[in-house]
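Thanks for coming. I will take a few minutes on one model, part by part, and then stop.

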Amino acid sequence: MSTTTPLLAVDGIGISFGGVRAVDNVGFTARAGEVFSIIGPNGAGKTTLFNLVSGVYTPKAGSVHLAGEPVTALEPNRLAERGLSRTFQNLQVFFRMTARENVMVGRHLREKRGLLAHLFALPSTGRQNRESAAVADALLERVGLSAQADIPAANLSYGALKRLEIARALAAEPKALLLDEPAAGCNAVETEEIEKLIRRIADDGVAVVLVEHDMKLVMRISDRILVLDQGRVLAEGSAAEIRSNPKVIEAYLGTHGTREANLALD
Amino acid sequence: MPELLQFCVSGLTVGAVYALVALGFTIIYNASDVVNFAQGEFVMIGGMTTVFATAAGVPLPLAVIGAILVAMVVGLLLHRLAIEPARGASPVTLIIITIGASIFLRGLAQVVFDKQFHSLPAFSGDTPIRFGGAAILPQSFWVLGGAAVIVVLLWGFFNRTLIGKAVLATAANRLAARLVGINTSFVMGLSFVMSAAIGAIAGILVTPITLTSYDVGMLLALKGFAAAMLGGMGNPLGAVVGGLAVGLLEALGAGYISSTYKDAIAFIVILVVLFALPGGLFGKASVERV
Amino acid sequence: MGKLLSHRLAVPVVIALLVVALSFAMPSNFYYRVAALVWISALAVIGLNLLMGYAGQVSLGHAGFFGIGAYAVAVLPAQFGLHPLVAALAGAVATAAIAFLVGRPILRLKGHYLAVATLGFGILIAMTISNEAWLTGGPDGMPVERLTLFGWRVRGADTWYWISGGLLVIGAWIACNLVASPTGRALRALHDSEVAARVAGIDVARAKLTVFVISAVYASVAGSTLALVNGFVTPDKANFLHSIELVTMVVLGGMGSILGSLAGAAILVVLPQVLTGFHDYEHMILGLIMMVIMIVLRAGIVPSLAAFFQGRRNK
């Protein structure tokens, strides 16, 4: 597949909660190797959109295609089998497991099944465990958590957990990766690390879809940006186009002067 | 037809007791997230204390008040000595603590009272009232009426009094309730005392019909728990409807299908309902927030 | 030392050493018998702990599976002349099949709703056992044919001590294998976050069903063993009080701790034996001890003590 065909294509997707259209007729495409960002004010529907695309919520309208195949309303685990992975805004970590084990869970799809082999610890299970642990250790190193591999996730810092979720998502070797606020709660240095990490993931040919509040990060890293407001698409384009789009400026700062808006979006 | 009416009345009578036990579960659960498996012991304490007090010559009204007070004190002690010290423990740990409390109270009753079955004389005699071909015990009206009065009083308490609203606020959001100055520990203690009183009243009212003994609590707790879940955990209306439904199902199942499988019939219906409505009859479908 | 204790084989080895060591300290047949009862209960509790402690799914109906195992070795040899071991195997297979069929709809429920559904299911089994007297002897129970292996009649409390102890070690070994395998990681993951587990590709419904069936088979095997040891079965082992007892053993010993399962079983089997000397005060003391343990060691005996000693060492 060439890099120009969309890996993830979302079309006219929508859902309502109690009569409120949380996401309404939203569509976008993300290509392999690009970073596609979704921004918008709080409550714009960014996380809900992620939940619709990743199968956590069932959309009432619209469709999702992954690598050209229809995957609308598939269960999250079926989507994972087809190459979609994600992280969570509000941390969905396996707190009782160590950092390494968390990432090993991400290898689930790549691991051999076979309950009897697991119950009786046949040699294949030991090999499988060592293999998954090796992949997990490599990924932990990649996100800078090697030293914390044996620490229970419950004892890790917020920033470390954000990176742990990325490592776990990468363990499945996804084609498309949805990152929900990966830099939330990170300081400047950590944010820079995250930026490099995301860039490298995209360079490996993954379609990265990013929801992020740190506008500086978004503007630097994104190939294209989608702006949501009240569940609808407000604008789409490159960082430069979004920065100068009057509708976006208004949505972010009301009708105040463009100077402040430019500052906020810079 | 008279047969059906007969079954319905006896079902509703037992169901009213389940409803009161389920209400007790609901009140404590809402205030503290604790599923109190010692709830049935309050019913036992109410019945047994009244039996032994009247046997010792105390007039019935005084014995009733005394029994309710005893249960309230036990409820308060249960909260202060067993639940409060374990604050912050996982729900499962708290449930096991209440099971321990249930075993302890059963043991205590066995020592303080005895291991025999006991009854009370019916409050308004034993002459059945003929109604539509069915013979209804006057005590049934005491049970149903008592349950109705309690439900109305509870409704008034929660909707008309400041303390009642504080309890509701605590149920809705404990942290927020604490932030606006509600003493949530007091609210939890209060919920235990109220549940104990409700359980004791149920026990006193129904003892003339069903007898009581030191170990009637566990089965009542399970039935009450099942009723609360059938209605939808945390929903007082659900608890009442669930309780009455379980009682009716048992009576109708015993009457028309099989008396040996009456408990099974109630549980089969509960299973079917939960498969269709995983949050109970009045439960809200929840959306997972991630 | 810590590394050694966290090895997959550490727990079964510790339990095996315990079984061997205790055998030197058994003053009489009565003690052998009580110890055998502990091993058997612990076997069922380990299975339930896989479901509760690792996968985070409660069952208040496991005594039903225990009862199926127990009555299989009573009924099948009496009615069809099956060898008790074949009967135990048939009981385990039947239990697995029933757990599979019932588990599908039931495991969609969560938390307290799952508790009440499993409770109802367990009660159905218990009622069937005590009401179908033509088959099961009803409330009075029925005798169990003695186990004979290649002409050797298995009898004596000490023999059963070793057999049930061996079964416990095997059960602990299998449980530890499972926990350390990809399937085990999937179970522990869905306990902490179902949605993250699903996103990681785990079929949550299937994983829950798998562990439900496994834990039911543990209960069934334990039930069969107990029936053979006692030479008699009664319906009370299938009823909800026994279910609650099993859950209590899990929580008391420690959710998610195989060694804790043994500790929980030991306490609730041995204590009543010790407390019979206190006659009427037996229940009071038992209830009190349960409450105190849970208040002081809220994560359960083994995990709480482990955390305590770890904390002291790190100071």
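**Domains, a helix and an interface**

In this predicted model, the centres of domain 1 of chain A and domain 2 of chain A are 27 Å apart, taken over C-alpha atoms. Domain 1 of chain A is made of two stretches, 1–83 and 174–266, while domain 2 of chain A covers 96–172. Where they touch, 13 residues of domain 1 of chain A meet 10 residues of domain 2 of chain A. On the domain 1 side, at least two residues each come from helix H2 (76–81), strand E7 (176–180) and helix H7 (188–203) of chain A.

Now chain B. The chain has 11 helices and 2 strands, in the order α-α-α-α-β-β-α-α-α-α-α-α-α along the sequence. Its radius of gyration is 19 Å, close to the 19 Å from the globule rule for 290 residues, so chain B is as compact as a globular protein of that length. The C-alpha trace of chain B spans about 55 × 50 × 35 Å along its principal axes. Of the 290 residues in chain B, 53% count as buried. Taking contacts in chain B between residues at least 6 apart in sequence, 74% join residues at least 24 apart.

One helix of chain B deserves a slide of its own. Helix H3 of chain B runs over residues 60–83, which makes 24 residues. From first C-alpha to last, H3(B) reaches 33 Å, close to the 34 Å expected at 1.5 Å a residue. The buried residues of H3(B) include Ala63(B), Ala67(B), Ala71(B), Leu78(B) and Ala82(B). Others among them are Val64(B), Ile68(B), Met72(B), Gly75(B) and His79(B). An α-helix has 3.6 residues a turn, so residues three or four places apart point the same way.

What do the buried residues of H3(B) pack against? Within chain B, they pack against helix H1 (2–32), helix H2 (39–55), helix H4 (91–112) and helix H8 (184–210). From chain C, helix H14 (282–296) joins these partners.

Conventions:
Residues are numbered from 1 along each chain as its sequence is written. Chains are lettered from A and ligands numbered from 1 in the order in which they are written. This is a predicted model: local features need pLDDT of at least 70, side-chain atom pairs count only at pLDDT 80 or more; totals for chains, interfaces and linings use all residues. Domain bounds come from an automatic or database domain assignment. Two residues are in contact if their C-beta atoms, placed from the backbone, lie within 7 Å. Helices (H or I, at least four residues) and strands (E, at least two) are DSSP runs, numbered from the N terminus. The expected span of a helix is 1.5 Å times one less than its number of residues. A residue is buried if 20 or more other C-beta atoms lie within 10 Å of its own, exposed if 12 or fewer, and partly exposed in between; C-beta atoms are placed from the backbone. The radius of gyration is taken over C-alpha atoms; the globule rule is 2.2 Å times the number of residues to the power 0.38.
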